[in-house]
Amino acid sequence: MAYYQQAKNPSLPETLQACALEIGLDAKTFIEDLKSPAIEGELQHQMQLARSMDGYSYPSLRLVHNNTVFPIAINYLDHRTMLSEIVVAQA
């Protein structure tokens, strides 16, 4: 909601902290966890994984099936187009 409806930058800690507060999380603990080496390591791992699947824009959707990566075009208006691509990729 912060990004799509309010045009807030989700990469800023203050945006994430406000979102955490909005859903009832302890903001102080959230920010401490966000800045932890473990979370940073996981972020780097996920970014590397996305790049290995040619995922350079976010959000993006990939299906990994039988060790093959299939990019799935995101359609926010009709989920059936994405579902059709997934079904075809699995065939």
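Let's start with Asn 66, which is exposed, with a relative accessible area of 63%; exposed means over 50%, buried under 20% and partly exposed in between, using a 1.4 Å probe on protein chains only. Keep in mind that this is a predicted model, where local features need pLDDT of at least 70, side-chain atom pairs count only at pLDDT 80 or more, and totals for chains, interfaces and linings use all residues. Residues are numbered from 1 along each chain as its sequence is written, and side-chain values use heavy atoms, with hydrogens and water left out.

So where does Asn 66 lie? You'll find Asn 66 in the loop between strand 1 (61-65) and strand 2 (68-72); strands (E, at least two residues) and helices (H or I, at least four) are DSSP runs, numbered from the N terminus. Along the chain, Gln 90 is 24 residues apart from Asn 66, yet their C-alpha atoms are separated by 8.6 Å.

Now let's move to Thr 15, in helix 1 (residues 13-22). Is Thr 15 buried or exposed? Thr 15 is buried, because its relative accessible area is 9%. Setting aside neighbours within four places in sequence, Thr 15 is in contact with Ala 2, Lys 8, Asn 9 and Pro 10, where contact means heavy atoms within 4.5 Å.

Pro 10 comes back in our last stop, the lining of the largest pocket. A pocket here is an open set of points on a 1 Å grid over the protein atoms alone, where a 1.4 Å probe fits, with protein on both sides within 12 Å along at least five of seven lines; lining residues have an atom within 4 Å of a point. There are 16 lining residues, and Pro 10, Ser 11, Leu 43, Met 47 and Tyr 58 lie nearest the centre. Helix 3 (residues 37-52) gives the most, with 7 residues.
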